[in-house]
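Please read this report alongside the sequence and the coordinates.

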Amino acid sequence: MVPGKPTSTHGITQKLNRHGIMVRSARNSAPATLAADLPSPILAAVTGMHRHPALRWVAYARRDWAEYLAARAEDGATYLAERAVLPSGAEEA
């Protein structure tokens, strides 16, 4: 970068990524955070996006995670059961 000389978004993105700052994730987390708290018409008005992407962001942010959490809990229980420590002298079934 040269002072007073414009830089491209691609160039600045590459420089930030080299320093561990992932621009894409920051760009995605901001609307997701807003969408979790705002209804889609307000999100569209505040950010200037069209109502259809605003609806998709709100649907994504308010996704029901119950199915995912249940699957994780089941996987965790299976993992723990497979690695359970047997008392001394006990035999595996």
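## Model and overall make-up

This is a predicted model, in which local features need pLDDT of at least 70, side-chain atom pairs count only at pLDDT 80 or more, and totals for chains, interfaces and linings use all residues. Residues are numbered from 1 along each chain as its sequence is written, and side-chain values use heavy atoms, with hydrogens and water left out.

The protein chain has 5 helices and 0 strands. Helices (H or I, at least four residues) and strands (E, at least two) are DSSP runs, numbered from the N terminus. Of the 93 residues in the protein chain, 10% count as buried. Buried means under 20% relative accessible area, exposed over 50%, and partly exposed in between, using a 1.4 Å probe on protein chains only. Contact means heavy atoms within 4.5 Å. Take the contacts in the protein chain between residues at least 6 apart in sequence: 31% join residues at least 24 apart.

Helix α3 spans residues 40-47. Its buried residues are Ser-40, Leu-43 and Ala-44. Seen down the axis of α3, they fall within an arc of 100°, so they line one face of the helix. The arc is taken over the directions from the helix axis to the C-beta atoms. The face turned away from the buried side of α3 carries Pro-41, Ala-45 and Val-46, which are exposed. Just after α3, Gly-48 takes a positive phi of about 85°.

Is Ala-44 buried or exposed? Ala-44 is buried, at a relative accessible area of 12%. Not counting residues up to four places away in sequence, Ala-44 touches Met-49, His-50, Arg-51 and Ala-54. Ala-44 and Ala-54 are 10 residues apart along the chain, and their C-alpha atoms are separated by 5.5 Å.

Ser-40 also sits in α3. Ser-40 is buried, with a relative accessible area of 15%. Leaving aside neighbours within four places in sequence, Ser-40 is in contact with Ala-54, Leu-55 and Val-58.

## The nonpolar core

The largest nonpolar core has 5 residues: Ala-35, Leu-43, Ala-44, Ala-54 and Val-58. Helices α3 and α4 each supply at least two residues of this core. A nonpolar core is a set of buried Ala, Val, Leu, Ile, Met, Phe, Trp, Tyr and Cys residues joined through side-chain atoms within 4.5 Å.

Val-58 touches Ala-35, Leu-38, Pro-39, Ser-40 and Leu-43, not counting residues up to four places away in sequence.

## Helix packing

The buried residues of α3 pack against α2 (23-37) and α4 (51-61). Helices α3 and α4 pack at an angle of about 125°, with their axes 8 Å apart. That makes α3 oblique to α4. Angles under 35 degrees count as roughly parallel, over 145 as roughly antiparallel, 65 to 115 as roughly perpendicular, and the rest as oblique. Axes are lines fitted to C-alpha atoms, for helices over the stretch in contact, and angles run from 0 to 180 degrees between N-to-C directions. From α3, Ser-40, Leu-43 and Ala-44 meet Arg-51, Ala-54, Leu-55, Trp-57 and Val-58 in α4.

The axes of α2 and α4 come within 8 Å and cross at roughly 80°. Helices α2 and α4 are therefore roughly perpendicular to each other. Asn-28, Pro-31, Ala-32, Ala-35 and Ala-36 of α2 make this contact with Trp-57, Val-58, Tyr-60 and Ala-61 of α4.
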